[in-house]
Structure formats: structure tokens, C-alpha cells
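Have your viewer open and try each task before reading on.

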Amino acid sequence: MLTAIATPPPICTANSDYLRQGYCVIEMPPLSSQVRDSFADMPRDSHSLGRMREIRLSQYLGYWDESEWVFALLPQRKYVQSARYIKLKEAGGVARHREQLAIDPSPLIARVLDNLPVDRSEQYQINVNQIRVVVNPDFRGITVPEGPHRDGHEYSVIAIARRENVRGGETQVIDPGTLQVVHRQTLEENQAILIDDERYIHYASDIEAASGSIGYRDIWVIEINRWATRAYGIAHERAAMRG
């Protein structure tokens with residue numbers, strides 16, 4: 001798959017809030033019914049059976065071509081988060097299988113990149129995680145089992161696609177030196193928070209059913225690195241498993 005997304009000219013600047021404080025909240029493009037419905041057709045996370053979480057992942061090469069972002073789907077590999085940053089036993093340094101996305105997230109990635117201070121002469125490697133966290137009588141709605149953490153990327157993005165019969169899920173941006181929460185917000189549908197992952201740690205509180213006993217929170221987690229420091233391929237997997 002090779003997708004081109006037209007965006008403003010290269011002279012456009014990054015989001016002013018991000019430049020000033022290292023994080024910002026933005027509006028994401030509206031989702032089509034097909035994209036929204038795709039959250040209902042995802043495999044269970046087999047590495048997280050203590051929670052009811054459904055997930056897909058696709059990884060991309062992205063670059064700016066004069067007037068538009070171009071994204072190419074990379075060959076499917078195991079997803080490996082660095083054991084240096086992710087201390088959860090089931091996740092850090094573990095090669096995990098993820099089925100790929102069934103939809104095209106290019107408009108979402110382009111919107112994010114247009115709000116970040118990225119060098120458009122560089123190429124980028126992008127992870128797009130599509131996640132549904134379910135709360136029901138059998139499972140707590142644990143949104144971030146790792147606790148407050150860094151993802152180990154240059155930029156981390158959490159975007160909300162849907163909140164169905166839930167309360168909670170407050171996103172927090174935390175100073176790792178003082179552990180002070182510098183920003184907290186319960187993001188609404190089609191909002192995203194962009195975070196300098198090298199500067200802050202982040203967290204989100206659990207969700208609860210607002211009424212009855214069943215609800216869910218659909219999110220995108222987008223992780224971005226320059227191609228030279230990509231979180232993809234043999235060298236990354238070897239280093240991530242070592243921690």
C-alpha cells in the first residue's frame with residue numbers, strides 16, 4: 001500500500017502549544033463509519049489475557065514529498081517494546097504478534113505530523129496501534145497496565161476514536177523528575193494528545209462503565225521515530241529485548 005495525503009506547504013510550523021511545552025491536544029480528522037466499525041472486528045490481545053483488550057498494529061515508512069505526506073506499509077513483524085522503558089513482564093522485551101489494520105490510517109498520521117516539529121527532509125517510521133479496552137463484569141477497564149511510563153520513541157500520540165458508556169480514562173502527562181502531573185485531561189472523541197516522549201512520561205486512568213456493566217474506549221496509539229532510530233527491524237528487536 002502506498003498512500004499520499006495532501007497537507008499544507010512545508011513552511012507550516014508545528015503546533016505552538018507543542019513548541020512551548022512539549023505536548024499539545026489537537027483535533028483529529030473525523031472517522032468514517034467504516035473506520036469506526038473496524039474497532040468491532042479486532043483480535044483479542046493474546047499477550048494480555050488478564051484484561052479484555054482487542055488490538056491491531058501496522059507499521060509504516062513515512063516521508064514528505066514536496067506537498068504531501070506519503071506512507072508505505074512495512075512488512076509485518078513482531079511488535080517489540082524496549083525492556084528499558086516497559087517494565088511490565090508481558091510487554092517489555094517480548095516479541096508479540098499483532099494482526100495488521102484493516103483500514104488506512106494515513107489521514108490520522110498526516111494530521112499528527114503536521115502538528116509536530118519534524119524535519120521534512122527526514123524519513124520516519126510510524127507504529128499505528130488500534131486498541132479497544134473493554135470493561136465488563138469479568139474484566140476491569142485497565143487502560144495502561146504499564147503504569148506511568150515512556151514508550152521509548154521520539155513522539156507518542158494517544159487519540160480517542162470512541163468512548164461508549166464509560167467514565168474515567170483521564171490522560172496524564174507527568175514530569176519524570178518530580179512526578180508532578182503537568183497536564184491532565186479526559187480526551188473526547190476525535191481528540192489526540194501529542195507528547196514529547198523523551199521529555200515526559202504518561203499514563204491514563206482506568207475506565208468504568210457509566211451505567212450498567214459494559215463499556216469500552218477505542219483509541220489509536222501512534223509512535224514516531226526518525227528512520228535512522230526506527231523501532232522496527234532486526235537491530236531494534238535485538239536491542240529492545242536486551243533492554
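**Exercise 1.** Decide whether Arg20 is buried, partly exposed or exposed, and find its salt-bridge partner.

*Solution.* Step one is the classification: buried means under 20% relative accessible area, exposed over 50%, and partly exposed in between, using a 1.4 Å probe and protein chains only. Arg20 has a relative accessibility of 58%, so it counts as exposed. Before going further, note that this is a predicted model, in which local features need pLDDT of at least 70 and side-chain atom pairs count only at pLDDT 80 or more, while totals for chains, interfaces and linings use all residues. Residues are numbered from 1 along each chain as its sequence is written, and side-chain values use heavy atoms, with hydrogens and water left out.

Step two is the partner. A salt bridge here is a side-chain nitrogen of Lys or Arg within 4 Å of a carboxyl oxygen of Asp or Glu. Arg20 makes one with Asp17, with 2.9 Å between the closest N and O atoms. Step three is the location: both residues sit in helix 1 (residues 16-21), 3 residues apart, which is about one turn of the helix. Helices (H or I, at least four residues) and strands (E, at least two) are DSSP runs, numbered from the N terminus. Asp17 has a relative accessible area of 31% and is therefore partly exposed.

**Exercise 2.** Look at the salt bridge between Asp114 and Arg120: is Asp114 buried or exposed, and is Arg120 buried or exposed?

*Solution.* Start with the contact, where the N to O distance is 2.9 Å. Next, check each side: Asp114 has a relative accessible area of 14%, so it is buried. Arg120 is buried as well, at 15%. To put the pair in context, a search of the whole structure gives 12 salt bridges, and Asp45, Arg53 and Arg98 are linked in a network of them.

**Exercise 3.** Work out the strand order of the open sheet of 3 strands, then find the salt bridge made by Glu170.

*Solution.* First, the pairing rule: two strands pair if DSSP finds at least two bridges between them. The order is 9-8-11, with antiparallel pairing. The edges are strand 9 (181-185) and strand 11 (201-204), each pairing on one side only. Second, zoom in on strand 8 (residues 171-174), which pairs with strand 9 in the antiparallel sense over 4 bridges. Within this pairing, Ile174 stands opposite Val181 in strand 9.

Third, turn to the side chains: Glu170 forms a salt bridge with Arg184, the closest N and O atoms being 3.1 Å apart. Glu170 lies in the loop between strand 7 (166-168) and strand 8, and Arg184 in strand 9, 14 residues apart. With 49% relative accessibility, Arg184 counts as partly exposed.
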